[in-house]
Amino acid sequence: MSDVFDRPDAPGNTSPKPHEPISTGSEWTFELIRQYDEEIAKCAAEFRLDTYPNQVEVISAEQMMDAYSSVGMPVGYNHWSFGKQFLSTSKGYQRGQMGLAYELVINSNPCIAYLMEENTLPMQALVIAHACYGHNSFFKGNYLFRTWTDASAIIDYLVFARKYVSECEERYGVEAVEETLDSCHALMNYGVDRYKRPAPVSAHEEAHRQEEREEYLQRRVNDLWRTIPKMDGDEDPVTRKKRYPEEPQENLLYFIEKNAPLLETWQREIIRIVRKLAQYFYPQRQTQVMNEGWATFWHYTLLHRMYEKGLVTDGFMLEFLQSHTSVVYQPAFDSPWYSGINPYTLGFSIFTDLRRICEEPTGEDYEWFPDIAGTDWLETLHFAMANFKDESFIQQFLSPKVMRDLKLFAIEDDDLEDSYQITAIHDEPGYRELREKLARQYNLSYREPNIQVWSVDVRGDRSLTLRHVPVDRVPLGKDTEEVLRHAHRLWGFDVHLESVDDGDIVDEYHCPP
Amino acid sequence: MGMTHIVDRRLNGKNKSAVNRERFLRRYRHHIKKAVSDAVHRRSITDIERGENVSIPARDIDEPVFHHGQGGHREMVHPGNREFVAGDRLPKPDGGSGQGQGQGQASPDGEGMDEFAFQITQEEFLNFLFDDLELPNLVRKQLKDTESFTYVRSGFSTQGVPAKLDVVRSLRGAHARRLGLGGARKKKIRELEAQRADLLSAPAELDAAFSHEDQIKALEDEIARLKANVKRIPFIDEIDLRYRQHLKQPKPATSAVMFCLMDVSGSMTQMHKDTAKRFFLLLYLFLKKSYKKIDVVFIRHHTSAKEVDEEEFFYSRETGGTIVSSALKLMHKIIKSRYPPAEWNIYAAQASDGDNWNDDSPACGKLLTDSILPLVQYYAYVEITPQDHQMLWYEYERVQALFPESFALQQIADPGEIYPVFRRLFERKAA
């Protein structure tokens, strides 16, 4: 039996001391959870995992569904879309379709992880290792999270947001608030500063500055729209060279919040709240493969370390491995269960192979990864975790071996061609291309249409023009008109959207049409 | 490594999503109402009391976002290659480029489903079912009409029967009175006693003329007088007594009785009865939402009427002619003997195929107008027949003209109409 499990080991310490297992049954108690957590924490320290303090919350299945449906926010404002989420979650759960309800973790300080009371003890240990030490250390270590989110402030901010939204509902009516939120949600993915680091959220400051800001906001908006005769002689909208905004703006919600002429102050605040949340979730959307891969790698490694120390039994490991295997299961492209590349599998495979490249490098590894082959694996993994996002991580670390193991291939679909073409497979000539293509697939700006604020007709009909720059001639999808209606609701005047490819307008949308 | 804090949250509220769920249902109430109304048609009678599956076209509840459409040039990486090599060409399936699957745009919910399906609970089901419906004369019976009373506490009074004496309150009052009356005197006594003590301890005056004896004597007399006074304050007095007071309050009737009257003569087929049953069921569920306690009385009749249990009511067969007044008479008798209108809200629903002895119909009209309708909150008559009306219907129309508030009649041709008819009967009357 031990042959099966003895691969991972702690740095420098390979002779395990025989220990009594912490427990042998599969029923958990709070005392046992505490003991497991303590031992897992010791193992995590051996591997230099640096984490926020943990808060483990034991909850029931219903509560887990609640948590799921608020997209992982422990406190959220009320909105029908969360109700919809809840209904579909609970349906999935009741039908037994929801297998992965075992983990939910929140990027906050302390880091909150939920354990379901239905889980067996090995599952609870797995979740603790995965969430409390895997995800948690990722939240604390990865540069995107460090730059873009403020773990210590998020809970307070959510409380503030919830309170603010419900006050608005009292004052302006549920429907009015709901409409505004609907529109903000439609543009939520475009409520993010991609390049500029945002100011950290702070509930205290928000509340404090709020009145001040209300006044200020309105004044600023008024300034923009004040008609000043003969500004600099270019009032003719055609010949006028100076556009507003002078540069295209990627953050649509921010632009609307600051410039929409007719919005009430509370509506601007709500836009701001949705924007802040979008910003908070932005790093998660860019690091799914890494984050899940990292957490999976560590639950695997930490629990094996526990096994080496004799802290857990063979039975425990069998149950754990069964769960682990299903987590990293990757159906092939032609399987009925296939729904894209499993981020757990991809991330876990890359991190695992990274360790192998350090510990047991082959000739191929020396050729592909001259800088890391044969180096200290722990150092390398920490470096990889801290300094990349999915796109660059794959570009940097996806090895030929992982491509071979997963049997990756790239297929091209061009609407000008009659057939699909296989452009690269997991072979010597294909590795580099395959890796680039896969990396690009995880580039957010490739996955989402590139749409920016292009101009506002400040002195004319006040219409807002958005510009879409297609990549590879891929047009906008069928929701576009609908989203534009939402943009129109917020902006208050005509909204135009033009797709501009190579200087030519290839497509146009207008609201009202 | 940080300290881990383990919290048991299981006892915290689990319905955090309740508000959001309710918002969702409110937003899609039109879809849900339609599903509910379909369900009433479709469901078998025995299982009306549960939730319902509702499907909404997924398109209607989409939250739109900007995303890529079909077309252009795109490349995707997939796992699980077996026989492909670079440069292979694969035919596109017919009907345009690219299937939904294998596109980079896989929605986070998996494959696009056309329907968003979910469950509503029985309570929600009933709420939607009875949405906009108002119970006729739902205002509880006017207080002046009621003859049943309940006694409620209403403070204390100085008069009453010994049985209602509140000992604690009375003694508390007595204590306060004793303090009030005696306090000043007791204080005076203490002062006098202090003076006396001073005099006693003072050095004796040699001159008898200045002797303290008289003063002391005077003081002692006064003290004795005061003490006697204090002693005369009674421990408990008439005015201390407090009696618990009860007030007789009229009790609004919160129970209802529902009379189900059905013709079971030969002309009523099982289909007729099923239709009637659904109607009764709706009425029952409807009443259940408004009253704590509901009795149901089943009266079946052909030429004579009989009170029966539910099973017999719906499923045993009889043949013969029809005399509707027999059922009305029995109903009146039962009201008189078991359901005093002061305590019961009385509802009645009558189902029939419209047949009756022609001679009997005027009798029915008279029974209703004279004896029954003055006692009941609401009387609904449904005629289950696709054919023309007979005598009874016209008689009932006259009754309705007299009691527009509490009498209603409708015709049902097939089971699908029950719910609309039910709604029409119980429609919220414009104020």
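I took two strands as paired if DSSP finds at least two bridges between them, and with that rule in hand I turned to this predicted model.

**Strands across the two chains.** I looked up strand E1 of chain A, residues 54–59, and found that 5 bridges join this strand to strand E1 of chain B, residues 4–8, the two running parallel. For one position I noted the partner as well: Glu57(A) is bridged to Val7(B) in E1(B).

**The contact between chains A and B.** I then went through the contacts between the chains, where 86 residues of chain A meet 57 residues of chain B. On the chain A side, helix H4 (residues 80–94) supplies the largest share, with 9 residues. I sorted that side of chain A by class and recorded 39 nonpolar, 24 polar and 23 charged residues.

**A helix pair in chain A.** Next I checked helix H17 (residues 390–397) and helix H19 (residues 431–441) of chain A, whose axes come within 8 Å and cross at roughly 170°. From H17(A) the contact takes in Glu391(A), Ile394(A) and Gln395(A), while H19(A) brings Arg435(A), Glu436(A), Leu438(A) and Ala439(A). By class, I listed the residues of this contact as 3 nonpolar, 1 polar and 3 charged.

**Chain B overall.** Last, I went over chain B, which has 12 helices and 13 strands. Of its 431 residues, 28% are buried. I also noted that, among contacts in chain B between residues at least 6 apart in sequence, 83% join residues at least 24 apart.

Conventions
Residues numbered from 1 in each chain as written. Chains lettered and ligands numbered in written order. Predicted model: local features only at pLDDT ≥ 70, side-chain atom pairs only at ≥ 80, totals over all residues. Contact = placed C-beta atoms within 7 Å. Helix = DSSP H or I, 4+ residues; strand = E, 2+ residues; numbered from the N terminus. Nonpolar A, V, L, I, M, F, W, Y, C, P; charged D, E, K, R; others polar. Axes fitted to C-alpha atoms, helices over the stretch in contact; angles between N-to-C directions. Buried ≥ 20, exposed ≤ 12 C-beta atoms within 10 Å, placed from the backbone.
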